[in-house]
Amino acid sequence: MPNSRPRPRRGARSGAGAVGRDRLVSRSLQSAEHCLSAQDFGTAYAHYLLVLSLAPELKEDVKETFQYTLFRWAEELDALSRTQDLLGCYEQALELFPDDEVICNSMGEHLFRMGFRDEAAGYFHKAVKLNPDFNDAKENFYRVANWLVERWHFIMLNDTKRNTIYNAAIQDAVCLGSKSVLDIGAGTGILRVSLVVTETVDAGLFGEGIVESLIHAWEHLLLQPKTRGENGNCEKYGKVIPASAVLYGMAVECAEIRRHHRVCTKDVAGICLPTNVKFQSPACSSVDTEETVEPYTTEKMSRVPGGYLALTECFEIMTVDFNNLQELKSLATKKSGKIGIPVIKEGILDAIVVWFVLQLDDEHSLSTSPSEETCWEQAVYPVHDLADYWIKSGDQVMMEVSCQDCYLRIQNISVFSSEHEMDVGKDFCKDKDLFSLGSEAELCSALANLQTSKPDAMEQTCILESTEIALLNNNLYHESFKMAMRKVLSSLTPEKLCQAMDTHCQNNEMSCGSGQSNSEESIPEPFYVLDVSEGFSILPIIAGTLGQVKPYSSVEKDQHRITLDLISEANHFPKETLEFWLRHVEDESAVLQRPKSDKLWSIIILDVIEPSGLIQQEIMEKAAISRCLLQSGGKIFPQYVLMFGLLVESQTLVEESAVQGTERTLGLNIAPFINQFQVPIRVFLDLSSLPCIPLSKPVELLRLDLMTPYLNTSNREVKVHICKSGQVTAIPFWYHMYLDDEIRLDTSSEASHWKQAAVVLDNPIQVEMGEELVLSVQHHKSNVSITVKQ
């Protein structure tokens, strides 16, 4: 019998080795568990690595515990900025579990936070391929895809007019002899060439570096240009498509631009905004400010909510010849030019809107005017620092134009009033050469601009994102929070009064024997209010006006903290009233903790909805922690959120979400490649101005309850009644945020700083009036998915 054969001695040693290995694995597992209980995640992770290298057969048994250990150890390494060690741990983990979607997704999250968006996208994409139902990974991939491939790429490739005109201009140039062609902005090449084709232009023409690119091309890549009147084979000469461009502008009144770029109120729910604080959006800030990304923002003016009013005729700003090297070089160094434009209609001066006409050659041109249906938006230069923004017919809008840093800059915007010939205007003119001013006018100007504030008053410029400025302008939002907070604090006050009376009685008994009084100890503890809103928020200061409250703010930027201190001071709060909570916690993840070791929060304010229209990531996890940190009767704001949606037909959303077929791209099959980065969610939408046809009435899709989680549902089917026949292409959605059962905020309202979002269907669904469509709504953690059940 085979089993009766004696085993070789080597096998005996193997058996002893196996026993030793098993002992080592067992001891390492015990050590790992001991380290976990002691929260020594680094040592526990090392023990698990040893276990899995010695005993791969235990992978499935320890998988979940290993993942937990890895994630906690990675958090510690991240907090210590030990980036290389963190990435090394994930690489080791993925060698052991190469097909684990959870580890892939977590690796992607760390890479995304570090700024490695390309690499993060790869891990998210792999996680989704491994598990198509893994909602966290899908949500992460959608977010990073929005970063990597901005929506305008799809819009641009679907712009038939743009593609056709560029194609015609290129065909003509090639027919005339330009045989070697370089496309700048779509690849790389080191050649001598006769034709350069580029479309590296943004809404402000120069923002994608077309000037720098063409200077380099003319100096190193292109043949010499043909001189005027010279004949000969075009192949011997250099040429650029587009040949030239003309920039145009127009002064406009636009409430939507105003509320996003200028704080228009001096009082926010009873809080006075002091004159020594100046709020600006990044588009309005000076050249040397860190927050300045571009000197303008962009808008699709034909779709801006509420529309706009032209206050001047359109005017020419400048012309640039892309086939003239010297002109291109002089753009960045040219002294700023001064332009004065007559006002033709009275109104509020909110912005200068800029567009351009791109002359590809002698025959073909493209315009990005607001009146054109094009893939480009318009550049918007918001107006700041005027004493009076109301202008009327006969006034002149003055501005300085330059191409500093190869950006089109429109600065020092002022108004020259028609009321008095010698009037210096509604804004002090810093450039004395702009007008020929008499001594009387100069004296009046100087007097008007004398500092009237106290000599020692601190001046502070506070740069806010456009959504933060819109929020500051939203008085309903702040009044609603003030009312809801007052109701909660009022309901808690009797408890505080009883506590104070008990303390007072105890102190009296103690002081009778000692002959001393402890009046300080009789003061009741304050209510603790924590605001963990994203970005700049004055809600803590509003809370401070509601009685004996100790408000905590989680703002991060130093300039925001200084600004809040100045606002507190202007409203007669002691400086120490407001606490900046992130100064007192070790890291941001610990922001939700007790104000004191023996105290709990009365109110916690959470940011549930992003300005983009999506639910904040990990908000339900934050709500779960918050519930544990509330005193009896305390509340989370908002207490619950209802999600609403409707069915629409919108060709615009379809074209902005994916490349459509081959017809729009001149027969080229581009769609399968770029559409890998298409995402079913469109964000930052304005439903009030979105071109669409509603096919149903709004329906409630989901309830997110932060105070009573058992009311939440993870899966829900919603029947939607069709009220108009058509093709369902998208499901826009928004939220009603309930601070309590009576006080509600609507994220789709006209004054809202929030935008809306939409799920765009892969394939349109034909529906008839009277039918019903069933939507499957799934909620996992903070991720929500909406699909049509067929």
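In this predicted model, Glu 742 and Lys 487 form a salt bridge, with 2.9 Å between the closest N and O atoms. Glu 742 sits in the loop between strand 31 (726-738) and strand 32 (744-746), while Lys 487 belongs to helix 15 (residues 475-514), so the bridge ties together parts 255 residues apart in sequence. Glu 742 is exposed, at 66% relative accessible area. Lys 487 is partly exposed, at 36%. A network of salt bridges with shared partners joins Glu 256, Arg 259, Asp 686 and Lys 755.

The structure holds 25 salt bridges. Side chains of opposite charge can pair when their charged atoms come close. Arg 162 pairs with Glu 199, and their closest N and O atoms are 2.5 Å apart. Arg 162 lies in helix 9, and Glu 199 in the loop between strand 2 (195-198) and helix 10 (210-220), so this pair links parts 37 residues apart in sequence. Both Arg 162 and Glu 199 are buried. Asp 22 and Arg 21 also meet in a salt bridge, at 2.9 Å from N to O. Asp 22 is partly exposed, with 40% relative accessibility. Arg 21 is partly exposed as well, at 30%.

A search of the whole structure finds 4 cavities of 30 Å³ or more. The largest cavity contains about 60 Å³ of space. Its lining includes Arg 162, Asp 159, Lys 161 and Trp 376. Helix 9 (160-175) and strand 14 (365-367) each supply at least two lining residues. By class, the lining has 5 charged, 2 polar and 2 nonpolar residues.

The structure holds 0 disulfides. Cys 264 is partly exposed, at 48% relative accessibility. Cys 272 is also partly exposed, at 34%.

Terms used:
Residues numbered from 1 in each chain as written. Predicted model: local features only at pLDDT ≥ 70, side-chain atom pairs only at ≥ 80, totals over all residues. Heavy atoms only, no water. 1 Å grid on protein atoms, 1.4 Å probe; cavity = no way out; pocket = protein on both sides within 12 Å on 5 of 7 lines; lining within 4 Å. Points joined across faces, edges and corners; volume = space filled by probe spheres on them. Helix = DSSP H or I, 4+ residues; strand = E, 2+ residues; numbered from the N terminus. Nonpolar A, V, L, I, M, F, W, Y, C, P; charged D, E, K, R; others polar. Disulfide = S-S within 2.5 Å. Buried < 20%, exposed > 50% of the residue type's maximum accessible area, 1.4 Å probe, protein only. Salt bridge = Lys/Arg side-chain N within 4 Å of Asp/Glu carboxyl O.
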